[in-house]
Amino acid sequence: MTISRPRWGITLGGATIGALLLAGCGGGSSDAGSEAEGETVAYATITQLGSITSEITECADTQTQTLMGPGDDPHVFAPSSSEIAEMSQAPLVVANGLGLEASMVSALDTAVEDGVNVVEVAPQLDPLPFASHDGHSHDEDDHRHEDEDEDEDEDEGEVGHNHSGTDPHVWMDVSRMATAAELIGDELAEATGDDTYRDCATETSAQLMETHESIIEMFSEIPEDQRTLMTDHAAYNYFADAYGLEITAVVVPGGSTDGEPSSQDLARLSAEIDAEGVDALITSVQTSNRLIETLADESGGEVPLVQLYEGGLGEPGSEAETYAEAMEYNARTLAEALGAAQD
């Protein structure tokens with residue numbers, strides 16, 4: 001892991017930030033930071049990391065701000081120069097990494113070069129390769145920079161480094177995010193000199209492990225041969241791996257949301273649904289895919305279309321405004337759909 005310690009007062013351009021604040025243990029909403037007291041000690045890129053980091057910082061009477069908000073696609077979100085400038089003032093910036101924040105790579109690279117303390121969590125969470133059914137080429141990464149040195153050590157975890165063929169969607173496994181909480185707590189303690197963050201992170205991690213066990217229990221009554229999924233894009237491998245599900249195919253090839261399958265691909269997927277049997281079709285609440293909706297229609301309603309919180313958390317007041325709530329919602333909604341399909 002490569003960590004760059006901050007130089008206070010640097011600016012990367014712009015004036016003020018319009019970043020959203022994400023809730024933590026104090027109730028968890030995307031603007032909870034405005035209600036909390038204490039200085040901002042961390043910025044997070046995606047809402048899932050923002051939720052977890054907020055729980056830790058609010059426990060320590062400080063704040064986390066989150067660049068993305070509900071509905072923002074992490075693959076295409078790009079911060080403004082003013083947001084980058086404000087982010088650069090924080091003791092810690094928490095990013096997912098592994099190419100997820102594709103449009104933020106250059107900004108985070110610049111921040112690291114300027115001495116900002118940026119930590120990527122995904123490379124430290126035993127990441128999985130994209131599965132063969134994802135249509136992802138392990139020889140050509142979607143988010144590769146042409147000028148990168150391919151001989152650079154991938155284990156260093158530097159922002160923007162080429163992790164060809166590695167799946168960045170680690171948050172879909174709650175046990176991995178429990179580990180992420182511990183990592184974030186250690187980094188906050190190191191950056192601020194306050195060990196309170198480690199204690200708070202331990203509490204957050206333990207709560208997430210309880211959520212993880214609860215999700216396992218939700219799927220425990222679903223027969224092993226009735227857990228087959230087809231997903232809109234390659235974002236659910238960790239979910240399947242952690243909770244005993246099987247993904248047979250994805251509609252959009254690769255790990256991003258901006259791919260486009262051919263008519264031949266759609267015909268093949270429709271035929272697979274008919275021939276092999278699929279127990280549920282999965283898409284995102286925020287960015288439902290019309291192509292997988294078409295496949296659901298073509299099944300005559302026999303295969304349920306299940307919308308899950310994958311790319312981000314829900315709006316304030318929803319059933320999924322914190323990370324734990326979103327993952328419990330995902331598991332409960334899918335388990336109910338699979339259970340109903342049995343009847």
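In the predicted model, helix H1 (residues 47-59) packs against helix H4 (residues 174-192) at an angle of about 55°, their axes 10 Å apart. Helices (H or I, at least four residues) and strands (E, at least two) are DSSP runs, numbered from the N terminus. Axes are lines fitted to C-alpha atoms, for helices over the stretch in contact; angles run from 0 to 180 degrees between N-to-C directions. H1 is therefore oblique to H4 (under 35 degrees counts as roughly parallel, over 145 as roughly antiparallel, 65 to 115 as roughly perpendicular, the rest as oblique). H1 contributes Leu49, Ile52, Thr53, Ile56 and Thr57 to the contact (heavy atoms within 4.5 Å), and H4 contributes Met177, Ala181, Ile184, Gly185 and Leu188.

Residues are numbered from 1 along each chain as its sequence is written, and side-chain values use heavy atoms, without hydrogens and water. Because the model is predicted, local features need pLDDT of at least 70 and side-chain atom pairs count only at pLDDT 80 or more, whereas totals for chains, interfaces and linings use all residues.

An open sheet of 4 strands has the order E7-E6-E8-E9, with parallel pairing (two strands pair if DSSP finds at least two bridges between them). E7 (246-252) and E9 (305-308) are the edge strands; each has a single partner, so one side of each lacks a neighbour in the sheet. The twist averages 30° from one strand to the next. E6 (residues 228-233) and E8 (residues 280-284) pair in the parallel sense over 3 bridges. Leucine 229 has alanine 280 in E8 as its bridge partner.

Helix H7 (residues 263-276) lies across E6, E7 and E8, at about 150° to E7. Helix H8 (residues 290-298) lies across E6, E7, E8 and E9, at about 155° to E8.
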